[in-house]
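Below is a short briefing on a two-chain model. The points are grouped by topic.

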Amino acid sequence: MLKQRKKRMCRFCENGVKYVDYKDPKILLKFTSDVGKIIPRRTSGTCAKHQRQLVKAIKRARHLALIPFVSDGAR
Amino acid sequence: MRQYETTFVIDTHLADEAIEKAIEKYKDFISGNGGTVINVDRWGKRRLAYEIRKKQYGYYVCIRFEADATFNEKLEKEFKLDGSILRYLTLLISKAQLQEEARLKARKSRNFDASGSKPEQAPEKIETEGKPDDQEAPKQEV
């Protein structure tokens with residue numbers, strides 16, 4: 001299932017993003033699953049550098065209750 | 001003197017004036033301890049992603065300021081002792097963050113360019129853009 005689109009670009013690199021902000025839930029939620037889990041790099045296509053920044057940002061946002069730790073998909 | 005950013009969440013069950021008073025209190029606490037407030041960003045009342053102390057809403061505030069390295073400990077202690085602050089997070093602002101903000105600002109002011117900017121072009125431009133920001137913001141704040 002994952003071998004189909006192997007060479008996708010990192011969405012942050014494409015746009016030249018240098019810093020992933022924890023204060024931006026709209027973007028962060030795109031990288032979490034429907035239950036709120038962080039999507040792995042091999043699925044999202046993010047590069048290593050941005051994935052590290054992203055994970056840090058997501059965890060900070062979770063602490064500030066901007067995004068949930070767990071959600072049940074429907075909400 | 002380094003730039004910091006602190007985001008905190010105030011309980012919405014307080015009256016509006018009490019919330020304003022709390023924000024002023026922290027602003028004064030920063031200035032009183034030798035720091036300079038650069039910008040105060042009030043996000044207002046937001047729904048929390050999960051309940052905190054049985055509450056569903058919180059009033060978010062983000063303060064950008066400059067202070068020396070020893071200040072953070074005092075600030076966090078203040079937050080901790082304040083019963084109306086539900087969450088707080090203080091961060092050092094990295095160069096990457098400043099660059100990103102300058103990049104986004106440049107993009108907004110250009111507006112016609114739909115195809116996304118090329119930040120790699122002029123790294124120096126980005127750094128100098130950062131400085132005028134610092135000087136502009138105190139005027140906005142009052």
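B:Arg46 has B:Gly58 opposite it in strand 3 of chain B, where strands (E, at least two residues) and helices (H or I, at least four residues) are DSSP runs numbered from the N terminus. The model is predicted: local features need pLDDT of at least 70, side-chain atom pairs count only at pLDDT 80 or more, and totals for chains, interfaces and linings use all residues. Residues are numbered from 1 along each chain as its sequence is written, and chains are lettered from A and ligands numbered from 1 in the order in which they are written.

**Strands and sheet of chain B**
- Strand 2 and strand 3 of chain B pair in the antiparallel sense over eleven bridges; two strands count as paired if DSSP finds at least two bridges between them.
- B:Asp41 has B:Cys62, in strand 3 of chain B, as its bridge partner.
- The two strands form a hairpin with two residues between them, and B:Arg53 in the turn has a positive phi of about 50°.
- Chain B has an open sheet of four strands in the order 2-3-1-4, with antiparallel pairing.
- Strand 2 and strand 4 of chain B stand at the edges with a single partner strand each, so one side of each lacks a neighbour in the sheet.
- Neighbouring strands of this sheet are turned by 20° against each other on average, direction ignored; axes are lines fitted to C-alpha atoms, and angles run from 0 to 180 degrees between N-to-C directions.

**Interface**
- 14 residues of chain A are in contact with 20 residues of chain B, contact being C-beta atoms, placed from the backbone, within 7 Å.
- On the side of chain A that touches chain B there are eight nonpolar, three polar and three charged residues. Ala, Val, Leu, Ile, Met, Phe, Trp, Tyr, Cys and Pro count as nonpolar, Asp, Glu, Lys and Arg as charged, and the others, Gly among them, as polar.

**Nonpolar core**
- The largest nonpolar core has 33 residues, and A:Ala57, A:Ile58, A:Ala61 and B:Val9 have the most contacts inside it. Such a core is a set of buried Ala, Val, Leu, Ile, Met, Phe, Trp, Tyr and Cys residues joined through C-beta atoms within 7 Å.
- Strand 3 of chain B gives the largest share of this core, six residues.
- Beyond its neighbours within four places in sequence, A:Ala61 is in contact with A:Tyr22, A:Pro25, A:Leu28, A:Leu66 and A:Ile67.

**B:Glu78**
- B:Glu78 lies in helix 2 of chain B.
- B:Glu78 is partly exposed, with 16 other C-beta atoms within 10 Å; buried means 20 or more, exposed 12 or fewer, and partly exposed in between.
- The C-alpha atoms of B:Glu78 and B:Thr6 are separated by 13 Å, and the two residues are 72 residues apart along the chain.

Key. Two residues are in contact if their C-beta atoms, placed from the backbone, lie within 7 Å.
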